[in-house]
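Reader: Could you take me through some of the terms used for this structure, and show how each one is decided?

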Amino acid sequence: MKSELLKGKVALVTGGSTGIGFGTAKRLAEEGAFVYITGRRKEVLEQAVSKIGESARAIQADATSKEDMERVASIIKAEKSHLDIVFANAGGGKPMPFEEITADFYRHTFDVNVLGVVFTVQSILPILKDGSSIILNSSITAEMGLPGFSIYAATKAAVRSFARSWTTDLKHRKIRVNAVSPGIIPTEGYETEQGMTPQQVKEYTDRV
């Protein structure tokens, strides 16, 4: 049975087709919100919407593209007129030994985890209602100093810093900005992005 806690609210979850994003989108819908999810893979997005139900709508978009995110905002504005909640979740990364870090690896990780968050929040600001909520997905790695994760951890520390800065930038609109820092949550990304086997995922999560 649906809750009415978020009845009438409109939410956006980037990277909402799998993992933490999908779980969040599903919960928001269960609490009564209408949820837009974005991602790069059309087929996976459609599968996610079919699992969430009629309270969800998928928009294929890359969070690192300002053009894509502005298109997302324009679609939401046309259909719902506003947003109440945004979860800037899209991101990812994999370990890389410090000695092997390349410029391409650095740029890709920062583009996905940092620039994508900037473009997401910038693009939806015009349709975000005063008094609404922005949630950024950081990580416990921002504080832990895990071996091989220096670049990923730096991106998540940047995201945490955004929450502090944007709180003051947006206080005149009473928009709340928070960062969540999940721990080890074994999602599909461990295998698809980091190339780990199911056994390796289990050993890693048990160890950490």
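Reader: What makes the pair formed by the side chain of Ser138 and the backbone oxygen of Lys156 a polar contact?
Author: A polar atom of the Ser138 side chain lies 2.8 Å from that oxygen, and a polar contact is a pair of N or O atoms within 3.5 Å, of which, within protein, one must be able to donate a hydrogen and the other to accept it. The model is a predicted one, in which local features need pLDDT of at least 70, side-chain atom pairs count only at pLDDT 80 or more, and totals for chains, interfaces and linings use all residues. Residues are numbered from 1 along each chain as its sequence is written, and side-chain values use heavy atoms, with hydrogens and water left out.

Reader: Why is Ser138 called buried?
Author: Its relative accessible area is 3%, and buried means under 20% (exposed is over 50%, partly exposed in between, with a 1.4 Å probe and protein chains only), so Ser138 counts as buried.

Reader: How do you know that Phe162 and Trp166 are stacked?
Author: Rings of Phe, Tyr and Trp (its six-membered ring) pair if their centres lie within 6.5 Å, and planes under 30 degrees apart count as stacked, over 60 as edge-to-face and the rest as tilted. Here the centres are 4.5 Å apart and the planes are at 5°, so the pair is stacked.

Reader: Why is the pair of Phe34 and Tyr36 called edge-to-face?
Author: The planes of Phe34 and Tyr36 stand at 65°, with 5.2 Å from centre to centre, and the pair is therefore edge-to-face.

Reader: What makes Tyr36 count as buried?
Author: Tyr36 has 0% relative accessibility, and so it counts as buried.
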